[in-house]
Amino acid sequence: MDQTLTNKQFGFSQRKLFVLFGFLFTCIFLTVLIDFLESKFQNSGFYISESLLFSSYWWIFLPLWYGQLSFLETHKTKVRFALIVLIPIIIHLFAFPGLVWLISSVFYTHTFEFGQTFEFGISQHFFKVFLLYTIPIGLYAFFMERIKDFQSQNNSISQEANDFLTSLNVREGNKQLHIPTNEVLYFSANTPYVNVYYKDKKHLYNITLKSLSEKLDRRFFVRIHKSEIVNLTHVQSYKSRQNGDYDVTMDDGTMLRLSRNFAKDFKSKLEIHTQDKL
């Protein structure tokens, strides 16, 4: 299980790197292309070495974005999230002129001064830097929270489904009969017992209707009267009595009364169940 988790984490990291590298190279290409086109329109000289040097503005995004994504998965407070956003912006604004100065001093005949490049970065790129370190990470955090909420709800529903009563053991003469709850048509109160209607027969089960209702899967079993619970999978149709109550017809032809107090819940769950079957 640990190996599987490691593989998933490694795969997720690879996907993040692939996306970041793809974005990085696209931006570098576009930067050089724009510099080239501007030089053509303005009849000025174009130096690809200088264009590539100042495209280092984009190189810095790769490690800082990756760091943002990595730390975001462990952030727990709004303060930490704010730091995850602000620290990369500050680092980027100082790293860009530092990187240009270092590369130009080692590989170029002309060294671009730190202060001059810093002012250039602030005037030309600050707004861009701010947006690129806030909007993507904000959207990523938002959608990750929605996904986690969705997964949490599904896990909760699955856990509840595992806790529901899936079968009943009732006595039939001298033997015990095992009845799957999903095959029961409906239950009716017969205090202190419950009548279980299963395959054209009625069986007694030693429990109250209220206690039983708490053990049944509420997606499929719904109370239609204070003394009856039906299985939605075996409901054939229902018809209004014109007084707020309804007649519910089961698969075996049995007609049961649906009280107006339970009608709304019954109809909404039956509609969901019907859509799921389509």
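The model is a predicted one, in which local features require a pLDDT of at least 70 and side-chain atom pairs count only at pLDDT 80 or more, while totals for chains, interfaces and linings use all residues. Residues are numbered from 1 along each chain as its sequence is written, and side-chain values rest on heavy atoms, with hydrogens and water left out.

In the sheet, 3 strands are arranged in the order β8-β9-β10, forming an open sheet with antiparallel pairing; strands, like helices, are DSSP runs numbered from the N terminus (E, at least two residues, for a strand; H or I, at least four, for a helix), and two strands pair if DSSP finds at least two bridges between them. Because β8 (235–240) and β10 (255–258) each have a single partner strand, they stand at the edges, and one side of each is left without a neighbour in the sheet. From one strand to the next the twist averages 25°, an angle taken between N-to-C directions, on a scale from 0 to 180 degrees, of axes that are lines fitted to C-alpha atoms, for helices over the stretch in contact. Strand β8 is joined by 5 bridges to the antiparallel strand β9 (residues 246–250), and valine 235 stands opposite methionine 250 in β9.

Glutamate 172 is partly exposed at a relative accessible area of 23%, and lysine 201 is partly exposed at 47%, where buried means under 20% relative accessible area, exposed over 50%, and partly exposed in between (1.4 Å probe, protein chains only).

Aspartate 217 and arginine 219 form a salt bridge whose closest N and O atoms are 2.7 Å apart; here aspartate 217 counts as buried at 10% relative accessibility, whereas arginine 219 is partly exposed at 44%. Within helix α8 (residues 260–277), aspartate 265 and lysine 269 lie 4 residues apart, about one turn of the helix, and their side chains meet in a salt bridge of 3.6 Å, N to O. Finally, Asp245, Arg257 and Arg260 are linked in a network of salt bridges.

Methods: A salt bridge is a side-chain nitrogen of Lys or Arg within 4 Å of a carboxyl oxygen of Asp or Glu.
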